[in-house]
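Here's a quick briefing to read alongside the coordinates.

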Amino acid sequence: MALGNKHIFWQALIIALVVFWTGLLLGTYFERSRIDQIQKFYFDSETEIFDLNLASDILGGVTDNCDLFIARSINFADRIYFEALKLEKYDDSNKLSEDAVSLHKRYDLLRILLWKSTIDNKRNCVTKINTVVYLYDYADTPLNKKAIQQTMSNFLINLKEEHKEKIILIPIAVDTGVESLDVLRSIYGLEEVPVIFINEEAKIESLDSLQSIENFLE
Amino acid sequence: MEAITVIYLVLMFIALYMFSFFIMLTIRNRKELFSYPQPKKIYSITILIPAYNEEESIEDTIEHVINLDYPKNKLEVIVINDGSRDKTKNIIEKLRKKYSNLKLLDKENSGKADSLNQGIKIARGELIAVVDSDSFPSKESLKKLTGYFDDEKMGAVTSFVTVRNKDNNFFAKIQSLEYVLLGWARKLLDFVDSVYVTNGPLSLYRKKFVEEVGGFDRNTVTEDIDITWNLLAHDYKTAMCLDAKVSTITPNKIKPWFRQRTRWGLGGLQAIFKYKKMFLRKGMFGAFVLPFVSFSIIISIIAFLFSSYILLRSFLTRILVTSYSVANQAPLIILQNINLHPPVLLFYLIILFSCSIVYYNFILYEIEYEEKLTVKRFFNLVFYIIIYLSIYPIVWFNSIYRFAKKDYRW
């Protein structure tokens with residue numbers, strides 16, 4: 001064997017390593033830049049929910065502002081819904097960095113804050129608004145459960161399209177380790193997942209009952 | 001990082017390494033790819049053609065062999081009729097009247113390896129050429145193989161096999177691409193002393209060495225792989241000449257193709273287990289050939305299982321979602337579900353695929369496979385890479401199953 005050919009074994013290894021590491025570095029950078037993009041949206045949303053809560057506290061019990069609160073809550077819920085949806089898609093595609101998981105947890109916190117503030121506002125307001133909370137597993141789930149979640153999610157998105165101004169749709173992952181959600185789940189007895197929880201009263205835990213959701217809307 | 005991502009990255013790294021390895025071998029040895037040493041003497045050669053029920057092709061094969069461009073006084077042709085039940089023997093008898101240097105060894109059916117061993121016993125040549133009875137060596141091919149034997153350690157030299165019936169149908173066309181790419185890879189491995197199979201259609205052996213290592217093994221289903229490994233294990237050299245062409249007939253249909261490939265796989269497994277003690281020993285054979293062949297099988301099976309798992313999981317989820325959605329009047333698909341952000345890691349696959357297409361086209365151009373690049377050929381190449389290579393491990397599963405059952409039938 002020619003001497004030059006003998007060296008090809010390790011030379012090819014170096015080339016493969018260089019290409020591989022370059023790919024990993026570029027991939028990590030690209031994935032991070034995607035998450036950074038969502039992070040900017042997140043900070044805006046975080047500011048807005050604090051503002052919303054503060055305004056609600058200051059004007060607590062003053063029913064004149066209910067319409068405004070509800071309209072802002074719906075807008076906010078829609079906004080963070082689409083931001084989180086984008087994040088979820090990035091997370092599906094991101095394989096190298098784990099940043100999306102912690103950001104997802106933060107979005108879940110925002111949604112819990114929104115849910116809590118909506119519960120409070122609904123007590124003081126005459127205006128009717130429906131909160132549809134959808135609790136699901138974020139981590140890799142068995143196929144059947146994954147399919148059930150996908151079906152429920154599709155159904156709820158369709159429902160939201162049909163009743164745009166009447167529903168605040170709040171999907172929250174239960175397995176990102178958010179303590180406050182565990183408290184809310186135990187208060188309302190939401191052990192099973194996935195579950196659709198309507199107006200803090202009705203629980204839909206199986207696909208058979210999906211069609212009955214509209215009966216629980218006000 | 002998920003386990004599945006780690007597996008993917010490992011597979012990609014191995015693919016990158018192998019690709020770099022072959023590219024570097026190509027670049028470094030480009031000028032010598034088609035060259036071959038000129039012989040210092042004219043070797044006496046005995047051509048052995050084992051035949052079993054080959055009435056359709058034997059005449060054409062013998063005509064090709066008889067008309068080889070090689071001094072007739074140095075050439076002996078022995079056709080071994082391995083107990084054929086068709087008209088093979090009659091055809092050989094008829095041709096014997098026409099060609100005086102054609103001999104017939106008629107015997108009971110005992111398999112290809114034994115036929116070759118019996119042929120070697122009566123062969124007078126210094127070198128033994130084995131030609132399959134459905135293969136057709138080009139006029140100059142034999143001459144081009146002999147120069148390698150000036151090296152005293154050279155045990156076997158093999159040729160470049162092309163597909164004779166490539167225009168029969170799409171399946172034969174795909175196999176013709178495969179043969180070209182395999183031949184090319186085999187030549188590249190020659191530059192690192194790692195030609196691991198001397199093919200059945202046309203290979204030349206030094207008789208003395210073949211006898212010394214015990215001849216062709218009767219207990220293996222691929223005697224060509226076994227004899228090559230046996231020679232390598234005895235520190236003899238093997239080589240390949242890309243310019244010595246031989247055409248062969250490949251199966252046109254899936255079933256015979258599957259049977260043939262299962263046999264090849266089975267033979268490969270038999271060889272791996274027979275020579276397993278030489279793993280990482282005995283020069284290039286133990287250090288590279290054995291691990292290379294073994295890991296190629298393992299990696300292709302892992303890649304197959306990995307991609308099948310991903311595809312099957314996605315397919316089953318879709319089926320379940322569809323059935324649940326239909327049963328519960330939920331929308332089947334919504335706009336928000338469409339993910340237009342492909343995983344970054346997919347780029348490894350895209351880069352490897354694109355580079356492979358470019359490299360394979362370069363090979364086909366160098367080999368002069370067809371005059372010009374056509375859309376059809378491009379499509380065939382894409383099919384070969386994406387479909388053919390992806391489903392090929394199914395053959396391995398069958399080979400492994402038969403190997404485990406010790407089912408060594410042809």
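This is a predicted model: local features need pLDDT of at least 70, side-chain atom pairs count only at pLDDT 80 or more; totals for chains, interfaces and linings use all residues.

Residues are numbered from 1 along each chain as its sequence is written, and chains are lettered from A and ligands numbered from 1 in the order in which they are written.

- Buried takes 20 or more other C-beta atoms within 10 Å of a residue's own, exposed takes 12 or fewer, and partly exposed is in between, with C-beta atoms placed from the backbone.
- Helices (H or I, at least four residues) and strands (E, at least two) are DSSP runs, numbered from the N terminus.
- Skipping neighbours within four places in sequence, Ile128(B) is in contact (C-beta atoms, placed from the backbone, within 7 Å) with Thr46(B), Leu48(B), Ile120(B), Ala123(B), Tyr205(B), Lys207(B) and Val210(B).

**A buried leucine in chain A**
- Leu169(A) sits in strand E2 (residues 167–173) of chain A, and it counts as buried because it has 21 C-beta neighbours inside 10 Å.
- Beyond four places in sequence, Leu169(A) is in contact with Ala77(A), Tyr81(A), Val132(A), Leu156(A) and Lys160(A).

**Where the chains meet**
- Chain B puts 34 residues into the contact and chain A puts in 36 residues.
- On the side of chain B that touches chain A, the elements giving two or more residues are helix H1 (3–29), helix H10 (283–327) and helix H11 (346–367) of chain B.
- H1(B) gives the most to that side, with nine residues.
- That side of chain B splits into 22 nonpolar, nine polar and three charged residues (Ala, Val, Leu, Ile, Met, Phe, Trp, Tyr, Cys and Pro count as nonpolar, Asp, Glu, Lys and Arg as charged, and the others, Gly among them, as polar).

**H1 against H10 in chain B**
- H1(B) and H10(B) pack at about 140°, with axes 11 Å apart; axes are lines fitted to C-alpha atoms, for helices over the stretch in contact, and angles run from 0 to 180 degrees between N-to-C directions.
- Ile7(B), Leu11(B) and Ile14(B) in H1(B) meet Ile299(B), Ile302(B), Ala303(B) and Phe306(B) in H10(B).
- The residues of this helix contact come out as seven nonpolar, no polar and no charged.
- Leu312(B), also in helix H10 of chain B, is exposed, since 11 other C-beta atoms lie within 10 Å.

- The peptide bond from Val193(A) to Pro194(A) is cis, with omega near 5°, and Pro194(A) is in the loop between helix H6 (179–188) and strand E3 (195–198) of chain A.
- Asn199(A) has phi near 50°, positive in a residue other than glycine, and lies in the loop between E3 and strand E4 (202–204) of chain A.
- Lys406(B) isn't a glycine either, yet has a positive phi of about 55°; Lys406(B) lies in the segment after helix H13 (393–404) of chain B.

Conventions
Two residues are in contact if their C-beta atoms, placed from the backbone, lie within 7 Å.
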